[in-house]
Amino acid sequence: MIGVTVLGATGSIGVSTLDVLARHPERFRAVALTANTDAERLAEQCRQHRPQYAVMVDPAAAQRLRALLADLPERPEILTGIEGLEQVAALPEVSYVMAAIVGAAGLRPTLAAAQAGKRVLLANKESLVVAGALLMQAVADSGAELLPIDSEHNAIFQCLPPHFSDGLARVGVRRILLTASGGPFRDWPLERLSSVTPEQACAHPTWEMGRKISVDSATMMNKGLEVIEACWLFGTDTDHIQVVVHPQSVIHSLVQYEDGSVLAQLGNPDMRTPIAHAMGWPERIDSGVTPLDLFSVARLDFQAPDFARFPCLRLAFEAAHAGGTAPAVLNAANEIAVAAFLEQRIDFPSIAAVVAGTLEALPCESVAGQGLEFLLAVDQRAREQAERLVVARG
Ligand code: NAD
Ligand code: MG
């Protein structure tokens with residue numbers, strides 16, 4: 001029996017993870033489930049999955065959870081705060097940790113899981129963007145396994161040979177082709193983008209996801225974060241990654257080899273496929289996903305990304321190229337800008353403007369030899385700067 005902690009159990013990835021887990025009761029057991037504030041949903045999940053631990057980050061929500069579970073004969077131990085998250089990420093009875101918290105808030109527990117040598121199922125791309133060097137080093141030091149859940153990175157992982165960590169050039173890879181749907185505004189007239197509402201931005205054409213990543217998909221910042229994520233996961237650089245807009249979201253990414261071969265992974269857009277892949281790896285297990293029917297897909301389209309329409313994608317490439325603190329600043333500013341857009345404090349085009357302004361205000365510094373505290377301080381400074389820019393634009 002494999003013990004599993006699901007960080008961010010109440011979110012879109014968390015719910016899909018529990019769906020896959022419940023299909024294999026002989027194989028997996030939920031040991032700990034965590035959420036930020038949604039006590040009601042976490043209570044339902046505790047009733048169904050009977051974990052030993054439940055973490056509500058917010059103490060008031062933890063009180064609600066306690067009350068909601070009062071009648072349960074075997075109640076989970078309820079923990080709170082970031083310390084609670086770190087504790088359940090490193091439990092001895094847990095082998096796999098699904099890192100599915102949204103944003104840099106996921107960094108500390110994800111790092112704790114890596115340091116404890118777990119199989120880390122990484123959905124929380126922001127933690128690699130903020131602290132890629134630190135997280136990769138923790139994985140190497142502890143012998144943890146890092147398996148990508150992001151559909152593109154999971155696809156690339158599936159298309160690479162097992163010893164790809166020797167270096168992509170050494171295994172004959174020319175470049176990675178990272179697919180992107182282009183989001184809901186791919187074909188909108190540019191002048192209409194200032195009227196975009198949060199609901200329109202969150203209505204993704206092919207994927208159902210949490211609100212933050214949905215907005216990131218609409219600005220294509222999501223693809224930018226994924227470029228940085230791919231650099232860390234596969235030990236490569238931006239010169240060896242090409243973004244390919246593919247509106248059907250059926251090809252989840254591709255790897256191009258020196259001999260002219262291009263390998264791709266295809267499937268219906270349903271996150272249970274990469275989740276089941278990473279949970280079963282190296283075996284294949286049922287995910288509940290409907291088999292792909294190529295006749296109903298009928299055609300596959302490809303376009304080059306439009307950097308003028310999607311300035312966030314350009315900013316992310318520039319931050320990836322600059323390295324150092326730039327990706328952490330980019331990420332923090334984006335989190336503030338997206339939250340402000342969802343609260344209708346700024347318009348859609350202002351997201352890119354806030355990120356650009358924050359990167360200009362905070363010069364890029366080296367992260368060599370720096371630890372977590374340094375990165376958290378950079379993150380905090382960038383949030384404060386971005387918030388000032390939000391107020392100035394609002
Ligand atoms: P979501 O908003 O649906 O869920 C987020 C989860 O994180 C919830 O359980 C919430 O309680 C928890 N959370 C939020 N803020 C927190 C905080 N401050 N501290 C602790 N917990 C907190 O998000 P999602 O769509 O499931 O995305 C989760 C992560 O997976 C993101 O990093 C996202 O980029 C990545 N991802 C998601 C998808 C997808 O299809 N949804 C695909 C690829 C990657
Ligand atoms: Mg993705």
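**Figure 1. Glycine 103 in its loop.** In this predicted model, glycine 103 sits in the loop that runs from strand S5 (96-99) to helix H5 (107-115). Helices (H or I, at least four residues) and strands (E, at least two) are DSSP runs, numbered from the N terminus. Glycine 103 is buried, at a relative accessible area of 1%; buried means under 20%, exposed over 50%, and partly exposed in between, with a 1.4 Å probe and protein chains only. If you skip neighbours within four places in sequence, glycine 103 is in contact with Asn124, Glu126 and Glu335 (contact means heavy atoms within 4.5 Å). Leucine 65 is 38 residues from glycine 103 in sequence and 23 Å from it in space, C-alpha to C-alpha.

A word on the model: it is predicted, so local features need pLDDT of at least 70 and side-chain atom pairs count only at pLDDT 80 or more, while totals for chains, interfaces and linings use all residues. Residues are numbered from 1 along each chain as its sequence is written, chains are lettered from A and ligands numbered from 1 in the order in which they are written, and side-chain values use heavy atoms, with hydrogens and water left out.

**Figure 2. What lies around ligand 1.** Of the 23 residues around this ligand, Thr10, Ser12, Asn36, Glu126 and Gly210 come nearest; a residue is near if one of its heavy atoms lies within 4 Å. Oxygen atoms of ligand 1 lie 2.9 Å from a polar backbone atom of serine 12 and 2.9 Å from one of asparagine 36. The protein buries 86% of the 830 Å² that ligand 1 exposes when taken alone (Shrake-Rupley method, 1.4 Å probe). Helix H1 (12-22) and helix H6 (125-142) are the elements giving two or more residues to the shell.

**Figure 3. The magnesium ion (ligand 2) and its protein donors.** Asp150 (OD), Glu152 (OE) and Glu226 (OE) are the protein donors, lying 2.1 to 2.2 Å from the ion. Donors here are N, O and S atoms within 2.8 Å of the metal (3.2 Å for Na, K and Ca), and water is not among the atoms, so the site may look incomplete. Along the chain the donors follow the spacing D-x1-E-x73-E. Aspartate 150 is buried at 8% relative accessibility, and glutamate 152 is buried with a relative accessible area of 8%.

**Figure 4. Helix H7 and its cover.** Eight of the nine residues of H7 (residues 151-159) are buried, among them Ser151, Glu152 and His153. Their cover includes strand S7 (145-148), strand S8 (173-180), helix H10 (221-234) and S10.

**Figure 5. Serine 253 in strand S10.** Serine 253 belongs to S10 (residues 251-257) and is buried, at 0% relative accessibility. Its side chain reaches the backbone nitrogen of threonine 179 at 3.2 Å. Residues that serine 253 touches include Glu152, Ala155 and Ile156, not counting those up to four places away in sequence.

Figure 6. Most residues other than glycine have a negative phi, and most peptide bonds are trans. Tryptophan 281 and proline 282 are joined by a cis peptide bond, with omega about 5 degrees. Serine 249 has a positive phi, near 50 degrees, and is buried at 5% relative accessible area. Glutamine 344 also has a positive phi, near 60 degrees, but this residue is exposed at 63%.

Technical notes. A polar contact is a pair of N or O atoms within 3.5 Å; within protein, one must be able to donate a hydrogen and the other to accept it, and residues adjacent in sequence count only if both atoms are side-chain atoms.
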